[in-house]
Amino acid sequence: MRHITLAGAAAGMLLLLAACGPVTQPGDAAPAGGRTSTGATAVAQSGSAPSGGPPAGSTGPTTATTTAAAPTTKAPTGSTFVPMERSTGGAFLSPSGNISCEVHYQDAGLTEAYCQTFTPARSVTLQATGTYKTCTQGGCIGNPGEGTPTLAYGQATGVGPFRCESASTGVTCTANGKGFHIDNTGITAATS
């Protein structure tokens, strides 16, 4: 009985760690602290992106769940839509290189949009319902895949219920009319 309990606890820990672990595709570089992905959208290939990792002395990620809280940012309109490279999603960087995003729609079991800023280190994960979770510790971010394209300001991309728009003020991602806006000052609720 003790072996079964220990095996169950070990399996539970593996599932928990897998949920927090990296998302990789064949040919990706090993992640430094979180997620990596390849594929995506856009116009120009980026140069090197800053690496992200947990800050010294970090005790672990802090997360919060948000549905739709004030203040709310209205998603920019009139953006040029750029399709993702794969029908299941992809990844992109903002032109500044400080924001990295991934969009997954029924992609190897994932259906979510994820964005992070390197400075300051924070991330946000959006579900198809429009609810999102934030993380404000360095352990929440990773390095984008090599060759991740840039989504130019004024362009949008997405797949399934997800739509992300790049603007000089940050990136806004929504699903079914609700979502988030991320920039170097924080993460706020957004609507489309």
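Reader: What pattern do the disulfides of the protein chain follow, with bonded cysteines counted along the chain?

Author: They follow the pattern 1-2, 3-4, 5-6, where a disulfide is a pair of cysteine sulfur atoms within 2.5 Å. Please keep in mind that this is a predicted model, in which local features need pLDDT of at least 70 and side-chain atom pairs count only at pLDDT 80 or more, while totals for chains, interfaces and linings use all residues. Residues are numbered from 1 along each chain as its sequence is written, and side-chain values use heavy atoms, with hydrogens and water left out.

Reader: How many disulfides does a search of the whole structure find?

Author: The search finds three. One of them joins cysteine 101 to cysteine 115, with an S to S distance of 2.0 Å, and this link is right-handed, with 110° about the S-S bond. Cysteine 101 lies in strand S6 and cysteine 115 in strand S7, so the pair ties together parts that are 14 residues apart in sequence; strands here are DSSP runs (E, at least two residues), numbered from the N terminus.

Reader: And cysteine 164 and cysteine 173, are they buried or exposed?

Author: Both are buried, meaning under 20% relative accessible area with a 1.4 Å probe and protein chains only. Their sulfur atoms are 2.1 Å apart.

How values were computed
Helix = DSSP H or I, 4+ residues; strand = E, 2+ residues; numbered from the N terminus. Buried < 20%, exposed > 50% of the residue type's maximum accessible area, 1.4 Å probe, protein only.
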